[in-house]
Amino acid sequence: MRRWETDPILAVDHLTMRFGGLIAVNDVSFSVGRGDVTALIGPNGAGKTTAFNCITGFYKPTLGRLALSHDAPASPEEVQALTANGQAHAATTGGALYLLERLPDHKVASRARVARTFQNIRLFSGMTVLENLMVAQHTRLTRSGLLSPSALINLPSWRRQEKEGLDRALHWLEKVDLVSRADDPAGDLPYGDQRRLEIARAMCADPVLLCLDEPAAGLNPRESAALNALLLSIRADYGTSVLLIEHDMSVVMEISDHVIVLEYGCKISDGTPAEVRSDPAVIAAYLGVDEEAVEAVEAEVGL
């Protein structure tokens, strides 16, 4: 079932990002299926991270629409009405619709519930492992007001919220097998453990869309296998949609439902892993040859 066509959680339409005279992403459209693991791949400089930064609120795109729908896909009429009204979000018959390009960057995470990790790990290295997961819930805990009377005088309602946050953090520590390191500084963890902790921290924010920037970078084969299992369990157990940038094709091909390929800021392929793997345009991009030369190269290397 191609959920990105029948039940998209995110629809990216005509995304364009310019930096002066440089077009980093050029009129790219694709969808992310609800409950899918979707991979955004391509050679270095293809525009993957720029597209990611637009989706997660770090950049405001030059052109394009990024429509995220909670619970059920919004109808074209609902998307058009929201666009025409100049609003950033609205209730729909299926739940809620957000136009990410119109939201302030912090609300992409807190209201639209899009969480991300980074290619270069950005943990609070001086805080403990547990404190990193509690900080991730800051917005949730302050929704009723960190400085509200219930917090200031430590009322039962506030203690209950704190306990729920702690329980959630401990749950994710168990999920990523880091309970024994809960009181250690995050910066003291081995690299692979830091990668898993960053994913756990993102999940503590209860995202509907989890965006991972090269989560397998620097991992050995055993750690990559553990990462695959973790991401598949996040999808299966929590229904979280996953969008990842990844260069490790063993990770991409093993766990992805849907793969989008960029080259020089343009989309060159979009489909299942099997479809993308056999696409001449993709083979040409990764081999660094013209598409017409693919057959000759394949014959030469015995493919």
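Author: A definition comes first: helices (H or I, at least four residues) and strands (E, at least two) are DSSP runs, numbered from the N terminus. The model is predicted, so local features need pLDDT of at least 70 and side-chain atom pairs count only at pLDDT 80 or more, while totals for chains, interfaces and linings use all residues. Residues are numbered from 1 along each chain as its sequence is written, and side-chain values use heavy atoms, leaving out hydrogens and water.

Reader: How many salt bridges does a search of the whole structure find?

Author: A salt bridge is a side-chain nitrogen of Lys or Arg within 4 Å of a carboxyl oxygen of Asp or Glu. With the whole structure searched, the number of salt bridges is 14.

Reader: How many residues apart are Asp-167 and Lys-163 in helix α8?

Author: The side chains of these two residues form a salt bridge, with N to O at 2.8 Å. Both Asp-167 and Lys-163 belong to helix α8 (residues 156-175). They are separated by about one helical turn because their spacing is 4 residues.

Reader: Which parts of the chain hold Lys-175 and Asp-237?

Author: Lys-175 and Asp-237 form a salt bridge whose closest N and O atoms are 2.9 Å apart. This pair links distant parts of the chain, 62 residues apart. Lys-175 lies in helix α8, and Asp-237 lies in helix α10 (residues 221-238).

Reader: Does Asp-237 count as buried or exposed?

Author: Buried means under 20% relative accessible area, exposed over 50%, and partly exposed in between (1.4 Å probe, protein chains only). Asp-237 has a relative accessibility of 51%, so the residue counts as exposed.

Reader: Does Arg-34 count as buried or exposed?

Author: The side chain of Arg-34 meets that of Asp-7 in a salt bridge of 3.0 Å, N to O. The two residues are 27 residues apart, Asp-7 in the loop between α1 (3-6) and β1 (8-19), and Arg-34 in the loop between β2 (22-33) and β3 (37-41). Asp-7 is partly exposed at 22% relative accessibility. Arg-34 has 14%, and therefore counts as buried.

Reader: Which residue of β6 does Ala-67 stand opposite?

Author: Two strands pair if DSSP finds at least two bridges between them. Strand β4 (residues 63-70) pairs with β1 in the antiparallel sense over 5 bridges, and Ala-67 in β4 is the bridge partner of Ala-11. Strand β4 also pairs with strand β6 (residues 95-99), again antiparallel, over 4 bridges. There, the residue opposite Ala-67 is Leu-99.
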